[in-house]
Amino acid sequence: MVRVISATRRTLAAFVSLLFIMTSAMHTTAETLHWEQLPAIPDAEGFASPFAGVSGGALIVAGGANITGDKWKEPFVKTWYDSAFVLDRPDGTWKSGFKLPRPLGYGVSITADDGVVCLGGSDSTRHYADVFVLHWKDGKLTTKPLPSLPVPCANACGALVGRMIYVAGGIETPTATTALHTFWALDLDAPKPIWHELDPWPGPERMLAVAGELDGSFYLFSGTKLTAGPDGKPVREFLRDAYRFTPGQGWKRLADLPRAAVAAPSPATAYGPSRLLVFTGDDGLNVTFQPVEKHPGFPRDTLAYDAAKDEWTVLDSLPFSRATVPAVQWLGRVVIPNGEARPRVRTPGVWALPLP
């Protein structure tokens, strides 16, 4: 009995210590974010990891993947798409019938120079290094090439900081058991833009992280590290660490996230003068949940990082659960177009949050 009581006390002490560490840079608040629904994409299933951005004043969503046939059988079948959709106003109707150069998803998309820059990505057989820009003008969707990434890459994250595109992490092949520990930069104002490989963040390699931009700095939140399991297949380690890269100063470790937010909508949303918001994403707590068709979905909360205080706040609940989807700023809103609502289930739904 003495040993049991002693062990219990040690466990309790360890728990209290861990709770103190976790809450020392994190607070909870009842701040309410007022989300609204935009017209759904005209597709019964919707898409995970499409490319999305703004050109010609319109919202563009293109490519991505979903599960075709029986979602719950093993193995299931994932299909990639080249279809593109255009919405010219929040209360409008989606235009369809447009195409990407090939079926493609799980890349990085960034709005720049009135175009949607699409970087890397994958299809059913391989990963790509291609980079191209989508332009919407006079009712036509056109593409223009940019310099390719240094290596093929999918499941990366990226953001535009000033006139520089930054891309962090990802995986090079569909069967990779190690994520990339790479940080690339492309200067859009260079006479002949080329990719530069910069020193990466001082932490583990990762994929499916969340990027962000605030006050001229690039932010990197969460993601998942990969290792090879006993069967040779990749095993995920869900990460809570965070970093900031400032040109001329390098990287700085920041306060850890309250939870992992793997594949959360990226980039994080600048909200007010010093905050970045990370919506939902996978915390890894239900990775082995069975039966998978009863999976409850991803956390329905918002993690708010205050750069001035280097602390996190957990905001009130979201009306949706989402992963593997970009976040797009459009007409004073941040838009979350489609994505994965829970494992194997995509959604055509489109949500928007008015910005202050």
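I began with the lining of the second largest pocket: by class it has 11 nonpolar, 6 polar and 1 charged residues. Here Ala, Val, Leu, Ile, Met, Phe, Trp, Tyr, Cys and Pro count as nonpolar, Asp, Glu, Lys and Arg as charged, and the others, Gly among them, as polar.

Before going on, I noted that this is a predicted model, with pLDDT of at least 70 needed for local features and 80 or more for side-chain atom pairs, while totals for chains, interfaces and linings use all residues. Residues are numbered from 1 along each chain as its sequence is written, and side-chain values use heavy atoms, without hydrogens or water.

**Second largest pocket**

I read its volume as about 370 Å³ (the space filled by probe spheres set on grid points joined across faces, edges and corners). I found T111, L160, P267, A327 and Q329 closest to the centre among the 18 residues of the lining. A pocket is an open set of points on a 1 Å grid, with protein on both sides within 12 Å along at least five of seven lines; a cavity is a set where a 1.4 Å probe fits but cannot get out; lining residues have an atom within 4 Å of a point. I saw β9 give the most to this lining, with 3 residues. Strands are DSSP runs of E, at least two residues long, numbered from the N terminus.

**Largest pocket**

I then turned to the largest pocket, with a volume of about 1600 Å³. Its lining holds 43 residues, and I noted F76, K78, M207, R236 and E340 as those nearest the centre. By class I got 23 nonpolar, 10 polar and 10 charged residues. β6 (77-80) and β20 (234-238) each supply at least two lining residues, and β20 gives the most, with 4.

**Cavities**

I searched the whole structure and found 2 cavities of 30 Å³ or more. The largest cavity has a volume of about 240 Å³. Of its 19 lining residues, I listed G107, A156, S266, V325 and P326 as closest to the centre.

**Strand β21**

I checked burial in β21 (residues 242-246) and found 5 of its 5 residues buried (under 20% relative accessible area, with a 1.4 Å probe and protein chains only). A242, R244 and T246 point one way, and Y243 and F245 the other.

On to its partners: β21 pairs antiparallel with β18 (residues 217-221) over 4 bridges (pairing takes at least two DSSP bridges). I saw F218 opposite F245. With β22 (residues 250-254), β21 pairs antiparallel over 5 bridges, and T246 stands opposite G250. In that hairpin, 3 residues lie between the strands, and G248 has a positive phi near 85 degrees.

**An open sheet**

I finished with a 4-strand open sheet, in the order β3-β4-β7-β8, paired antiparallel. β3 and β8 (95-99) are its edges, each pairing on one side only. I also looked up β7 (residues 83-87), which pairs with β8 over 3 bridges, and found that S83 has K99 of β8 as its bridge partner.

Methods. Buried means under 20% relative accessible area, exposed over 50%, partly exposed in between (1.4 Å probe, protein chains only).
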